[in-house]
Amino acid sequence: MSGTLPVQIARTIRAADGYLDLKLVEDAVLELKGVPTDYHQDRRYLTVVYRLCQLTDDWTRGRDVSKTLWTQHAEDVDAWVNYAYAVRRAESIEAAREILVTALDQFPEEAIISYNLGCYECQLGALDDARAYLLAAFTLSPGLRDFALQDADLERLHADIRQGA
């Protein structure tokens, strides 16, 4: 379902999202319970539910929700990234990697895809591949280099990243 939501439904979803901003999970859940099932396929609702899954580490549900968003909005890079991240947590890094390898073909200029692939390759022990993906990400978005130095997924490459690799 897309388009205009009834005002009260839109307010309820925004309220749940606001509660999540404040890490008030129980309040967000209560708000979301007020959304009729007719609107459970709406992008805005699903996006808030995905955020809830992230905060509660419910990666099986997060994978299912993000897959729905990805299926409905494959033109949105965030849908790919969120789906891959949830698959990583619910299934495996290898499965998440396959999603992002496909996404890279569709979004070659999106640094976050190359960055996440670099993280996945580093975790899988493919350090040369990780370096190549990270170089592509840093070329597209130089600010990611500082972020990478704080990323535990890239700990094995922190020295290389500091040296400009």
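**Exercise 1. In which helix is L30 found?**

Before the solution, some ground rules: this is a predicted model, where local features need pLDDT of at least 70, side-chain atom pairs count only at pLDDT 80 or more, and totals for chains, interfaces and linings use all residues. Residues are numbered from 1 along each chain as its sequence is written, and side-chain values use heavy atoms, leaving out hydrogens and water.

Step 1. L30 sits in helix α2. Helices are DSSP runs of H or I with at least four residues, numbered from the N terminus.

Step 2. Check the surface: L30 has a relative accessible area of 58%, so L30 is exposed. The scale goes like this: buried is under 20%, exposed is over 50%, and partly exposed lies in between, using a 1.4 Å probe and protein chains only.

Step 3. Now look further along the chain. L30 and V77 are 47 residues apart in sequence, and their C-alpha atoms are separated by 30 Å.

**Exercise 2. Work out how α1 and α2 are arranged.**

Step 1. Helix α1 covers residues 7-21 and helix α2 covers residues 25-33; their axes come within 8 Å and cross at roughly 170 degrees. Axes here are lines fitted to C-alpha atoms over the stretch in contact, with angles running from 0 to 180 degrees between N-to-C directions.

Step 2. That angle makes α1 roughly antiparallel to α2. The cut-offs: under 35 degrees is roughly parallel, over 145 roughly antiparallel, 65 to 115 roughly perpendicular, and the rest oblique.

Step 3. Who touches whom? T12, A15, A16, Y19 and L20 of α1 meet D27, A28, E31 and L32 of α2, where contact means heavy atoms within 4.5 Å.

Step 4. Sort these residues by class, and you get six nonpolar, one polar and two charged. Ala, Val, Leu, Ile, Met, Phe, Trp, Tyr, Cys and Pro count as nonpolar, Asp, Glu, Lys and Arg as charged, and the others, Gly among them, as polar.

**Exercise 3. Is R88 buried or exposed?**

Step 1. Find R88 in helix α5.

Step 2. With a relative accessible area of 10%, R88 is buried.

Step 3. List what R88 touches, skipping residues up to four places away in sequence: I93, A96, Y120, Q123 and D153.

**Exercise 4. At what angle do α5 and α6 pack?**

Step 1. The angle is about 165 degrees, and the axes are 7 Å apart.

Step 2. So α5 is roughly antiparallel to α6.

Step 3. On the α5 side, the contact uses W80, V81, Y83, A84, V87 and R88; the α6 side brings residues including I93, A95 and I99.

Step 4. By class, this contact has 11 nonpolar, two polar and one charged residues.

**Exercise 5. Which residues touch the most other members of the largest nonpolar core?**

Step 1. A nonpolar core is a set of buried Ala, Val, Leu, Ile, Met, Phe, Trp, Tyr and Cys residues joined through side-chain atoms within 4.5 Å.

Step 2. The largest core has 30 residues, and I113, Y115 and L154 touch the most other members.

Step 3. Helices α5, α6, α7, α8 and α9 each supply at least two residues of this core, and α7 gives the most, with seven.

Step 4. Finish with Y115: leaving aside neighbours within four places in sequence, its contacts include L134, F138, F147 and L154.
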